[in-house]
Amino acid sequence: PAASENQNFCFKDELDAFKLCLSPNKEVILEHYLAGWSGLVKFLNRLGNVFGFISKDASSKIQILRNFLNGESGSEYFTVQSMVKYELENKLVDLKKAGSHPESGCRTLLRLHRALRWLELFLERLRTSQEDGKTSAMCAESYNESLAQFHPWVVRKAAGLAFCMLPGRLAFFEVMNVGTPDQVVAMLGEALPVVTEVYQITQELYAKHDLLDIP
Ligand code: 1Q0
């Protein structure tokens, strides 16, 4: 571990943020959730400029939520649960069509939440992939099963082109900077249940409040 501490990037640190984001009573702490996403964006930027349009969108959503967290009502945004309660009680969410609150916390987080499902599917495919596995195919399959349904044709097309530029499995593992392929696979095995749990808790919360289709 000493060796990897000296590097400025280690994928394990990024996934650890998702671990931190569950409070003891299983609420999702926004600050850590956003830290997890920032780490992923950092990773994405290391993969090259072709992913710029993706990382830009993710960064701007992270920033919108950070602004709420650092704003006047910041304490209401401590967890995703408290954010949902606060924004709904104060009618700060455009539930059916975009109106006076086009960039609510609930709406913005929903976009990241949908992308977390993609991440879960992709990491599971990476974890179980063979040595000759194609990251671009794993990425495209995961995308088609999750995020794609929320994206218009032109975004799907651009995403599909970007996926083709992904490095192969081994090079990809190296960018993660976790260690040998076996260590990467072990790390993924540890990280995945956390990602799954964060996704499910958020999904249930959003379903309960009928927030899964915010425009
Ligand atoms: C590794 C390749 C990364 C592929 C990421 C897959 C997601 C593709 C999404 C492409 C669409 C981005 C363009 C903008 C779309 C927006 O219209 C859309 C909706 O927002 P709005 O405001 O228009 O309603 N935005 C989104 O759907 C949010 C998309 C966020 C994507 C966040 C991706 C973050 C990057 C992650 C890299 C993780 C690499 C993990 C590698 C793990 C290695 C073990």
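Helices (H or I, at least four residues) and strands (E, at least two) are DSSP runs, numbered from the N terminus. By that definition, the chain has 10 helices and 0 strands. The structure is a predicted model, in which local features need pLDDT of at least 70, side-chain atom pairs count only at pLDDT 80 or more, and totals for chains, interfaces and linings use all residues. Residues are numbered from 1 along each chain as its sequence is written, and side-chain values use heavy atoms, with hydrogens and water left out.

**Overall shape**

- Along the sequence, the pattern reads α-α-α-α-α-α-α-α-α-α.
- The radius of gyration is 17 Å, close to the 17 Å that the globule rule gives for 215 residues, so the chain is as compact as a globular protein of that length. This radius is taken over C-alpha atoms, and the globule rule is 2.2 Å times the number of residues to the power 0.38.
- Along the principal axes, the C-alpha atoms fill a box of roughly 50 × 40 × 25 Å.

**Burial, surface and contacts**

- Of the 215 residues, 46% count as buried. Buried means under 20% relative accessible area, exposed means over 50%, and partly exposed lies in between (1.4 Å probe, protein chains only).
- The chain exposes about 11400 Å², and carbon and sulfur atoms supply 53% of this area. Accessible areas come from the Shrake-Rupley method with a 1.4 Å probe; for residues, only the protein chains shown count as cover.
- Among contacts with a separation of 6 or more, 68% come from residues 24 or more positions apart. Contact means heavy atoms within 4.5 Å.

**S146, a buried loop residue**

- S146 sits in the loop between α7 and α8.
- S146 counts as buried because its relative accessible area is 4%.
- Not counting residues up to four places away in sequence, S146 touches R117, W118 and L121.
- The side chain of S146 also reaches the backbone oxygen of S142 at 2.7 Å.

**K134, an exposed loop residue**

- K134 is in the loop between α6 (105–127) and α7 (135–145).
- K134 counts as exposed because its relative accessibility is 57%.
- K134 and F172 are 38 residues apart in sequence, and their C-alpha atoms are 10 Å apart in space.

**W153, an exposed helix residue**

- W153 belongs to helix α8 (residues 153–163).
- With 59% relative accessibility, W153 counts as exposed.

Key:
A polar contact is a pair of N or O atoms within 3.5 Å; within protein, one must be able to donate a hydrogen and the other to accept it, and residues adjacent in sequence count only if both atoms are side-chain atoms.
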